[in-house]
Amino acid sequence: MINEEIRDREVRLVDQNGEQLGVMPTEQAMRLAEERDLDLVKIAPQGRPPVCKLMDYGKYRFEQNKRVREIRKNQKVIAVKEVRLSATIEEHDVDVRYKNAVKFLKEGNKVKVTIRFRGRQITHSEIGRTIMHEFAESVKEYGTVDRAPVIEGRNMTMMISPRETN
């Protein structure tokens, strides 16, 4: 609450430098704020009496928004990229998927490696597990395996996180 929105009879007032001005009627605090060309802002409504501060509210809000923008700018969003393999994948195709996975890991993204089993391939899931382990071994200098290969329905998935660079 600021200025005229404050309906309490009396308030404890703090000036813009943080010095206590004591308990006074709200009207007197409003006059003091107008004299100093500042706003009266209620900062602790649960207090008895409520605590109000003299400040330039517009400047305060601007500084807060600026801080929030700065924090948002410095955030790193980690996305999950997917690389699909198959149980009958050829060597060259694995190399292409490897290059994509390395590119994703260098960008700081996680990589989800998926093998989709078709038809009766699911009965030979050990072939898929072998391909997954070979793939994980090939990208181990760029990423670490978060979740080992797990079969979920007809898919086998594995998660790889980028390696921390210190």
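In this predicted model, buried residues account for 33% of the 166 residues of the protein chain. Along the principal axes, the C-alpha atoms occupy a box of roughly 85 × 30 × 20 Å. Among contacts with a separation of 6 or more, 52% link residues 24 or more positions apart.

The protein chain holds 4 helices and 8 strands. Read from the N terminus, their order is β-β-α-β-β-α-β-α-β-α-β-β.

The description may begin with helix H1, residues 26-35, in which Thr26, Ala29, Met30, Leu32 and Ala33 are buried. These residues cover an arc of only 160° around the axis and therefore lie on the same side of H1. Glu27, Arg31, Glu34 and Glu35, on the other side of H1, are exposed. The buried residues of H1 pack against strands S1 (10-14), S2 (20-25), S3 (39-44) and S4 (51-55). Just after H1, aspartate 37 adopts a positive phi of about 60°.

In soluble globular proteins, nonpolar side chains tend to be buried together. Here the largest nonpolar core has 20 residues, of which Leu85, Val111, Val113, Phe135 and Ile160 touch the most other members. Two or more residues of this core come from each of strand S5 (80-85), helix H3 (91-106), strand S6 (110-116), helix H4 (125-138) and strand S8 (155-162). A second, separate core comprises 12 residues, including Ile6, Leu13, Cys52 and Leu54. Residues up to four places away in sequence being left out, valine 113 touches Val83, Leu85, Met132, Phe135, Met156, Thr157, Met158 and Ile160.

Ser125, Gly128, Ile131, Met132, Phe135 and Ala136 are the buried residues of H4. Viewed down the helix axis, the buried residues fall within an arc of 135°, so they line one face of H4. They pack against S5, H3, S6, strand S7 (143-152) and S8. Serine 125, which belongs to H4, counts as buried because its relative accessibility is 18%, against a cut-off of under 20%. Apart from neighbours within four places in sequence, serine 125 is in contact with Phe117, Ile151 and Met156.

Strand S8 is mostly covered, with 6 of its 8 residues buried. S8 pairs with S6 in the antiparallel sense over 6 bridges, and arginine 116 stands opposite asparagine 155 of S8. S7 and S8 also run antiparallel, joined by 7 bridges; valine 145 has isoleucine 160, in S8, as its bridge partner.

Notes. Residues are numbered from 1 along each chain as its sequence is written. This is a predicted model: local features need pLDDT of at least 70, side-chain atom pairs count only at pLDDT 80 or more; totals for chains, interfaces and linings use all residues. Side-chain values use heavy atoms; hydrogens and water are left out. A nonpolar core is a set of buried Ala, Val, Leu, Ile, Met, Phe, Trp, Tyr and Cys residues joined through side-chain atoms within 4.5 Å. Buried means under 20% relative accessible area, exposed over 50%, partly exposed in between (1.4 Å probe, protein chains only). Contact means heavy atoms within 4.5 Å. The arc is that of the directions from the helix axis to the C-beta atoms. Two strands pair if DSSP finds at least two bridges between them.
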